[in-house]
Amino acid sequence: MNIAIMGAGSLGTIIGALMAEGGEKVDLIDINESHVNRLNQSGAKLSGFINKTVPVNALTPNQISSTYDLVFLLTKQVFTYESLHQLLPYLHENSIVCTLQNGIPEEYVASIVGGSRTIGGAVGFGATWKGPGESELTTEWETVKKYAFEIGETDGRITPRLSDVKAVLEHVGYCKITSNISGIKWTKLLMNTTFSGMSAALGCTFGEVLSNKEAMTSLAYIADETIKVAHAQGIHLTNMQGKDMEFLELKEGQKVSEKMDFYHEVWSPHRNLKASMLQDLVRKVKTEIDFINGHVSEKGKAFGIPAPYNDLVVKLVSDAENRKSVPVFSDNLPFFESLNEEMKNKPSALVKER
């Protein structure tokens, strides 16, 4: 099987290297020429919770020359259109493109490569790109072995080709086949709309969000909006690493404070993290905000579900993008405080904090 990693950044480098180490014929494709050159010269250096260097074959998109049977898509969604159009001439009728991106890219990917060639996927571990040729695994190895990937057909069928994709991914860690990839993708989207969205909008770590009552109240509403928009589409969230994310919906009569222990239990181990979108703002490059909180806002409008908190996150991050600046916590928190106050005093608000 001829395999490609499209987007050999932080995650793609680790995934591609471990596949190569497992004996797969795999190309690591990335637009960063210095990264590609270092990978070819010195191998992929993996650090953090794994420590090894693996010989790999790396390419820039304009160096692609062979047809691929299986492609793992790991580019940021802002590059999806360009990446897939570079790839299209090198796909055959039965090629598979497995999405391992943030957000909910499957519908868009299918519109370009075709629904019959699209499989949805989610990654259950994190990594940080350290520089040309090196990626740091930031999730404990035991977690990778248990929760590395979940994949599924977009229509929920369990097909033989899923087993083929699973076998390749298990060079990295455990891969679960699911009939509810949409539920999994929306569950991961909630992880990103909440702490990643607030981290980017406030210019802070996850821990700083956890430590601020007004920020956490806003975050709880972001989660609630995300879940309600998913429900409007007939999608129910799944457990994520043993935790039922449906619990975070604010049902009538419930208080935001009732959800706080859950948030602290799940996210306290990640207090020092900063959202990749915030890192993008620091580097003055375009973020994926339109595909994270923006996706909830867009689908909310389509299904008649208000999403003012997700809308606010999109506005604040987009404003920072346009100004080429990094948000300041004390400057942006008052926007969330005002919205919290408005929600308290709004008779139609589903949940009021007492």
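**Close-up 1. Lys243 and its partner Glu265.** At 27% relative accessibility, Lys243 is partly exposed (between 20% and 50% relative accessible area; under 20% is buried, over 50% exposed; 1.4 Å probe, protein chains only). Lys243 forms a salt bridge with Glu265, with the closest N and O atoms 2.5 Å apart. A salt bridge here is a side-chain nitrogen of Lys or Arg within 4 Å of a carboxyl oxygen of Asp or Glu. Lys243 sits in strand 14 (residues 243-244) and Glu265 in helix 10 (residues 260-267), so the pair ties together parts 22 residues apart in sequence. Helices (H or I, at least four residues) and strands (E, at least two) are DSSP runs, numbered from the N terminus.

The model is predicted: local features need pLDDT of at least 70, side-chain atom pairs count only at pLDDT 80 or more, and totals for chains, interfaces and linings use all residues. Residues are numbered from 1 along each chain as its sequence is written, and side-chain values use heavy atoms, leaving out hydrogens and water.

**Close-up 2. The salt bridge of Lys286 and Glu321.** Their side chains meet at 3.4 Å, N to O. The pair links distant parts of the chain, 35 residues apart: Lys286 is in the loop between helix 11 (276-283) and helix 12, Glu321 in helix 13 (residues 308-323). Lys286 is partly exposed at 47% relative accessible area. Glu321 is buried at 15%.

**Close-up 3. The second largest pocket.** Its volume is about 400 Å³. Of its 19 lining residues, Ile104, Glu106, Glu107, His295 and Lys299 are the closest to its centre. On a 1 Å grid over the protein atoms alone, a pocket is an open set of points where a 1.4 Å probe fits, with protein on both sides within 12 Å along at least five of seven lines; lining residues have an atom within 4 Å of a point. Grid points join across faces, edges and corners, and the volume is the space filled by probe spheres set on them. Helix 4 (106-113), helix 7 (181-202) and helix 12 (293-303) each supply at least two lining residues.

**Close-up 4. Glu107 and Lys299.** These two residues form a salt bridge, with the closest N and O atoms 3.8 Å apart. The pair links distant parts of the chain: Glu107 in helix 4 and Lys299 in helix 12, 192 residues apart. Glu107 is exposed, at 62% relative accessible area. Lys299 is buried, at 18%.

**Close-up 5. A salt-bridge network.** Lys76, Asp280 and Arg283 are linked in this network. The model has 16 salt bridges by the rule used here.
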